[in-house]
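Q: Could you go through this structure with me, one topic at a time?

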Amino acid sequence: MTLFLIYVALLVTIWALTAALSRKIARRDGLAARKTVTFGDESAIRASRVASVASVAVIFLIWAAFTGSSWTFLHAPADWQMRPIWLPPPEAVWNRLLDIADRGFRNFTLWEHLGISIWRVFMGFFFGAAIGIPLGFAMGLNSFLRGWFDPIVEFMRPVPPLALIPLVIIWYGIDEKAKIILLFLAALWIMAIAARAGVAGVKLSKVHAAYSLGASKWQLLRHVIMPNALPDIFTGARVAMGVCWGTVVAAELVAAEKGAGFTIMVASRFMQTDIVIMGIILIGIIGYSIDVAMRMLERWLVPWKGRG
């Protein structure tokens, strides 16, 4: 509770300072530099880089202050300090990262552990998207196929992928095929629903305009439906990639011989908290990097998103 209150106090303080600085800059630049209406206008909201940097810095300072880190001059009272077995200082995690990067962990290098997890995610997502997107288009364009597949998709959609782990292990064991099938199922339903929503979001006026110009069904699909559905498909892809990344780590916690989740699971058995924290940080960095890459790819491939 103490850590939470300190975090909230720092958040409010930095927010107030940033808001005051923004108002000062706005007055200097004049009202023309600002939109007259911003509340409720999503296009007017941009992530503040100052807030992003401050957010990471605050978490790091709190972590360092309450673990007696030598990397900062700020330290909490001795009674508030956390034991290394609960939360090691940042330098201990960094040194462990360098050590594992140099010597490896459980007969595999750090890059092999991370690489196999990333490979599993991309393979599962690829097969899920390859089947889910055409399935979603079929459901959005054909009444019979919509009625046939809709109960299946809506039944499987709320089932957590982790609930399927025991069944997948029974059917396929703990080899790579089992993990890829699990990730395939995690991505399949998300991509199908995203593609179906993309088809449903196409404006009828565009369909009528295409037909009036003599477009065939294939031309309508190629030049009207697919471009209009791509923004929803990319949104679904970002969600599916996040779900797949979380699922593969959880699957490796249960049954794996190498991987990011496997590293955390083995380290937790021997109370190696520094390795656990290292694994969590690396998983978060990779997951965030994948999401940033997906957003960049979306801006490149779908430049018309949000332009009607």
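Q: Which helix gives the most to the nonpolar patch?
A: Helix α1 (residues 2-29) gives the most, with three residues. This is a predicted model, in which local features need pLDDT of at least 70 and side-chain atom pairs count only at pLDDT 80 or more, while totals for chains, interfaces and linings use all residues. Residues are numbered from 1 along each chain as its sequence is written, and side-chain values use heavy atoms, leaving out hydrogens and water.

Q: Which residues form that patch on the surface?
A: Tyr 7, Leu 11, Val 12 and Ile 59 form it, and together they have about 350 Å² of accessible area (Shrake-Rupley method, 1.4 Å probe). Nonpolar side chains are joined within 5 Å, if the residues have over 30% relative accessible area and no salt bridge (a side-chain nitrogen of Lys or Arg within 4 Å of a carboxyl oxygen of Asp or Glu).

Q: And where does Ile 59 lie?
A: Ile 59 lies in helix α2 (residues 49-65); helices are DSSP runs (H or I) of at least four residues, numbered from the N terminus.

Q: New topic: how many aromatic pairs does a search of the whole structure find?
A: The search finds six, and one of them is Phe 60 with Trp 63, an edge-to-face pair at 6.5 Å centre to centre with 80 degrees between the planes. Rings pair if their centres lie within 6.5 Å, and planes over 60 degrees apart count as edge-to-face.

Q: Is Trp 63 buried or exposed?
A: Trp 63 is buried, because its relative accessible area is 17% and buried means under 20%.

Note on methods:
Patch = residues over 30% accessible without salt bridge, like charges linked within 9 Å, V, L, I, M, F, W, Y side chains within 5 Å. Helix = DSSP H or I, 4+ residues; strand = E, 2+ residues; numbered from the N terminus. Phe/Tyr/Trp six-rings, centres within 6.5 Å; stacked < 30°, edge-to-face > 60°. Buried < 20%, exposed > 50% of the residue type's maximum accessible area, 1.4 Å probe, protein only.
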